[in-house]
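Hi there,

Here is the structure I promised to pass on.

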Amino acid sequence: MSSDLLKQAETANPQQAEALYKQVLSPSNGEVLRDQEIALVKLGELYRDQKNAQGLAEVITSSRAFMSSTAKAKTAKLIRTLLDFFGAIPGSQKIQMATLTDNIAWAKNEKRIFLKHSLETRLVALQLEAQEWKPALALIDTLLTELKRLDDKMILTEVHLLESRVYRGIGNFAKAKASLTSSRTAANSIYCPPALQASLDLQSGILHAEDKDYTTAYSYFFEAFENMSTQGDDNALGALKYMLLCKVMLNLPEDVTSLLTIKLALKYAQLRDVESMRAIARAHQDRNLADFEKALRDYKDELSSDPTIRSHLSALYDTLLEQNLLRIVEPYSTVELEYVAETVGQGRQAVEAKLSQMILDGVFHGVLDQGRGCLLVFDQPEADDMYGAAIETLEQVSKVVDSLYAKTVKIA
């Protein structure tokens, strides 16, 4: 009996368990489908624990004969369960994508449309992670055409959200916002699961942060963090980091410590990811460029792996450098570039380029004398109202002339 084989497999070593599970799944074994389903999941778990991505892919492929004889809903659930096991296997992305592509073709031939859409949505998410923007957009276009015809609001919400993330990845923020709006519109007409709602809030916060609207972004990140923490989602840590980032970008670094004392944030307070944001907040509060650079070096993995945090910290670094340069050059009318570079702790060429940019942006008035290696700082020029007054006078004269001309026409 297959049930006896399953019991033996539970106490056997991995090699024996693998052989027993395969025996249950063999076509000659005419046992109940329920036992074969259990054997499939158990074999998948075994390969997951052994980090054997190729073995797991073969299990999914070989299970099609069994799946052809089961209900479509059960097949979809079983495939999703087996595919989820890839998440615990590091470096399995390529095998997972190949497995998904293979199963999408199988689902299409079997006319299992909803399973096909579910697998394609998962494939788009993997292409997004791998930064394969072009194939992801091509697949999204095909998916959206089919989903709008079927009016499947749930998957439509997910696909529009993925589309927004892809457009954000390639830097097209206008289309990213449009896709997010479409996703929210679809979500409003159905019951939106908490995990999906949290993802929508997270993406909304990211796009508002790109627009420098950090106050609105913070509120979205807070909603996402609360939702994810309640669900036990691993992405809650990312949402918390974004919240801390918003406080720093709003020039409220002192709020970072108080934010980490709230009940939901306490369990994350001692993690390196949170400590990295705390170090950034301290450096920003002290306006200390050296501490800022040290934090970027010490927590390179935590701060550079996320493109959102990386881009905003780059802008913050520029702002901090600008403030430090202004503080150094403001007391002088003429100052050596070598002295400025040494004081700020940067290379002369980088300082020269930044000062040149600041002059062009009108941050202060001055001229770089490269022959002498000096910066000449000028006082703020007083606004001359003469031109404005002259133009206003001419406008009034024009009105008088028009009025006189109108009276002349009446008299004539």
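First, a definition: axes are lines fitted to C-alpha atoms, for helices over the stretch in contact, and angles run from 0 to 180 degrees between N-to-C directions. Helices are DSSP runs (H or I, at least four residues), numbered from the N terminus. This is a predicted model, where local features need pLDDT of at least 70 and side-chain atom pairs count only at pLDDT 80 or more, while totals for chains, interfaces and linings use all residues. Residues are numbered from 1 along each chain as its sequence is written, and side-chain values use heavy atoms, with hydrogens and water left out.

Helix 12 (residues 194–210) and helix 13 (residues 214–231) have axes that come within 8 Å and cross at roughly 155 degrees. Helix 12 and helix 13 are therefore roughly antiparallel (an angle over 145 degrees). Their contact (heavy atoms within 4.5 Å) includes Leu202 and Ile206 from helix 12, and Tyr220 and Phe221 from helix 13. By class, this contact of helix 12 with helix 13 has 11 nonpolar, 8 polar and 2 charged residues. Here Ala, Val, Leu, Ile, Met, Phe, Trp, Tyr, Cys and Pro count as nonpolar, Asp, Glu, Lys and Arg as charged, and the others, Gly among them, as polar.

Now the other pair: helix 19 (residues 307–329) packs with helix 20 (residues 337–344) at about 130 degrees, the axes being 10 Å apart. Leu321, Asn324, Leu325, Ile328 and Val329 of helix 19 make the contact with Tyr339, Val340, Thr343 and Val344 of helix 20. That contact has 7 nonpolar, 2 polar and no charged residues.

Best wishes

Terms used: Helix = DSSP H or I, 4+ residues; strand = E, 2+ residues; numbered from the N terminus. Parallel < 35°, antiparallel > 145°, perpendicular 65-115°, else oblique.
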